[in-house]
Amino acid sequence: MSDRPNVPDPNQLELLRGAVAQLAPVLPLLQELGKLFEQRGHEIALVGGPVRDAFLGRTSPDLDFTTEASPDEILATVEGWADTHWDIGREFGTIGLRRDSHHIEITTYRADTYDRTSRKPEVMFGDTLDGDLVRRDFTVNAMAIRLPSLEFVDLHGGLVDLAARRLMTPAPPEESFADDPLRMMRAARFASQLGFDVAQEVRTAMTERAATLEIISAERIRDEFTKLVCAPAPRPGLSLLVDTGLADHFIPELPALRLEVDEHHRHKDVYEHSLTVLEQAIALEGPPDGTEESVPGPDLVLRLAALLHDIGKPATRRFEPGGGVSFHHHELVGARMASKRLKAMRYDKTVVKAVARLVELHLRFHGYGEGQWTDSAVRRYVTDAGPLLQRLHRLTRSDSTTRNVRKAQRLSVAYDDLERRIERLAAEEELAAVRPELNGNEIAEILDIKPGPVLGEAYKYLLSVRLDDGPIGKSAAREKLLAWWAARDD
C-alpha cells in the first residue's frame, strides 16, 4: 500500500461529489447488480476506467466489475437478469453481458503476472479486492466502488493522483512493469488520452526496463500504440516513448529523426517537425460523425502518415557543398520504410498500403507554385491519390511548419488554387472516376484481341490519353487506339 497522503482535500471532495453526479444515471443498475451478488454471498465492485472517468466528469462506454466469484458463479448469478451474455474471455475470468443499453464485463479477482520471460501472462485468480487492486496498472485505475453499499475504495492514493493529474503505479513501478511490460506503453497512452503527467519514478522505471518490452507480442504493442496515436493529444505520449527508449524497441525510425536537421534549416529537427505535422493534421480532421470527405477524426491512416512522412530522411541525408543539406527521394525511401515497419507491427494490409502511399505522395504538391500545372498534371495528382485524396490534402497542408509567414501564406494560397482546380475538373469530368473512354470489351472488339496482357497494355494507353487530353469522345479515342496499335505493330 502506498505511504503517500490518502486524505481527501477540498479539491478531491469536489471530485467525489462530481463522480456521484456522473454515476447517477447508472446507480439503480449498480445497486441492482450488487444485490444480486450479495444475495448469493458474493462480493462485487465497480472498478477501473468507469470509476476514474466518473471523477473526470466523463461517461465510460462500458461498465467493468470485479468479484471473487468464479466465471461459473458469475454466470449463475446473472442468469435471467442479463439480456444476453458471452464468455469469450472466460479463460481469463471475464464474462461479458448486456443489460438494456449497458455493456458490462465482470471479471474474477486476478493475481496473474508474467513469468518475465514469456509473452503471455499466467492466469491466476485472486480472492480479495485488495489483491486485485494492487495488480492494476495505475493508481487512478485502482479505485473501486463496492456494491450495493457504494463504499468508495482507494487503497493506493488514486484520488490524490487523479487530483494532481499524475500517473503512478500501485506497486513500485519497477515491479509493476516487470509483471507486465505493456504497462509502460499504457503509461504513454494515458499521458495522451488523459493529459496526465507521469511520475518521475515511473518514468525512471520505464527507461530502465525499456528493453523488456520485447517480450510483448507485436499485436498488443500495436493496439496500445494505435490508441495513443488516436488520442486527442498524441505528442506527450509519443515524446515519452522516445525519451524513455521504449520507441527504440518497436518503432526505432521515430527516435532516429531527432538527429536530423530539417529541410528548412531552422532550430527544430525533423522529429519535432513530424510531431508538429501530426498536430496540424489532427486539427484538419473532420468531426467523428462527419462525412467521409471531411476525414472524420480520429483517422489512424492520416495520423500515421503525418508521423512517419519524413522517416526516409536519415537514410537520404546528404551534405551539399556550401553547407546545404539534401534529402533526395526521401519520400520514396520513407514509403518503403513505413510499409516495412507497419507490417512488423502487424497492421492490416489496407492501413499499411494507405500510409505508405501517402508518405510516397506527400511531396508531389511541391513545385505547383513554381510553375502552372497543366490539367493533365492535376488529373494525375488526383488519380494517383485515388481514395486517399482528402487525406493527402490534409497531409500536404500540415507539412508546412515554416516560421516564415510569407512563405506559409504562399504555400496555402497555392494549395487553395490546386483544390479549386481539382473541384473544377471534377465537376467537368467526374475526375474521381477517371477511366478510358473505351472499356475493355470495346478495346478487345476494335483490336480483335482476347483478354490478356496485350489488352491491359491497350487499356493503360487509353487511360494515359484520358489523363493527358481529358474527355475526347469515343470516336477520337478509337482513332488514337488504332494509331497506337499500328505503331506498336511496326
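## A walk through the predicted chain

Proline 298 sits in the loop that links α13 (270-283) to α14 (300-308). The peptide bond between glycine 297 and proline 298 is cis, with an omega of about -5°. Valine 295 belongs to the loop between α13 and α14 as well. Its phi is positive, near 55°, in a residue other than glycine. Is valine 295 buried or exposed? With a relative accessible area of 4%, valine 295 is buried, since the cut-off for that class is under 20%.

### The chain as a whole

Stepping back, the chain contains 23 helices and 11 strands. Its C-alpha trace spans about 90 × 60 × 45 Å along the principal axes. Of the 490 residues in the chain, 49% are buried.

Alanine 111 itself is in the loop between β5 (102-108) and α5 (129-134). Once residues up to four places away in sequence are set aside, alanine 111 touches Met124, Phe125, Gly126 and Arg135. Its relative accessible area of 34% makes alanine 111 partly exposed.

### Backbone details worth a look

A cis peptide bond also runs from leucine 147 to proline 148, where omega is near 5°. Proline 148 is in the loop between β6 (144-147) and β7 (151-153).

Aspartate 448 is not a glycine, yet it has a positive phi of about 55°. You will find aspartate 448 in the loop between α21 (440-447) and α22 (453-469). A relative accessible area of 70% puts aspartate 448 in the exposed class.

Glycine 245 follows α11, and the phi of this glycine is positive, near 90°. Helix α11 itself covers residues 235-243, and its buried residues are Gly237, Leu238, Ser239, Leu240, Leu241 and Val242.

| Residue | Relative accessible area | Class |
|---|---|---|
| Threonine 169 | 2% | buried |
| Valine 295 | 4% | buried |
| Glutamate 224 | 5% | buried |
| Alanine 111 | 34% | partly exposed |
| Aspartate 448 | 70% | exposed |

Threonine 169 is found in the loop between β8 (166-167) and α7 (173-179). At 2% relative accessibility, this threonine 169 counts as buried. Which backbone oxygen lies 2.6 Å from a polar atom of its side chain? The oxygen is that of alanine 171. Leaving out neighbours within four places in sequence, the residues in contact with threonine 169 are Asp137, Phe138, Thr139, Ser176, Phe177 and Val202.

Glutamate 224 is part of helix α10, which covers residues 218-229. Its relative accessibility is 5%, so glutamate 224 counts as buried. Beyond its neighbours within four places in sequence, glutamate 224 is in contact with Leu182, Met185, Arg186 and Arg189.

### A pair of packed helices

Two packed helices are described by the angle between their axes and the distance between the axes. Helix α18 (residues 375-385) packs against helix α19 (residues 389-398) at an angle of about 110°, and their axes are 8 Å apart. Angles from 65 to 115 degrees count as roughly perpendicular, and α18 and α19 are therefore roughly perpendicular to each other. On the α18 side, the contact is made by Tyr381, Val382 and Ala385; on the α19 side, by Leu389, Leu392 and Thr396. Sorted by class, the contact of α18 with α19 has 5 nonpolar residues, 1 polar residue and no charged residues.

Conventions:
Residues are numbered from 1 along each chain as its sequence is written. This is a predicted model: local features need pLDDT of at least 70, side-chain atom pairs count only at pLDDT 80 or more; totals for chains, interfaces and linings use all residues. Side-chain values use heavy atoms; hydrogens and water are left out. Buried means under 20% relative accessible area, exposed over 50%, partly exposed in between (1.4 Å probe, protein chains only). Helices (H or I, at least four residues) and strands (E, at least two) are DSSP runs, numbered from the N terminus. Axes are lines fitted to C-alpha atoms, for helices over the stretch in contact, and angles run from 0 to 180 degrees between N-to-C directions. Angles under 35 degrees count as roughly parallel, over 145 as roughly antiparallel, 65 to 115 as roughly perpendicular and the rest as oblique. Contact means heavy atoms within 4.5 Å. Ala, Val, Leu, Ile, Met, Phe, Trp, Tyr, Cys and Pro count as nonpolar, Asp, Glu, Lys and Arg as charged, and the others, Gly among them, as polar. A polar contact is a pair of N or O atoms within 3.5 Å; within protein, one must be able to donate a hydrogen and the other to accept it, and residues adjacent in sequence count only if both atoms are side-chain atoms.
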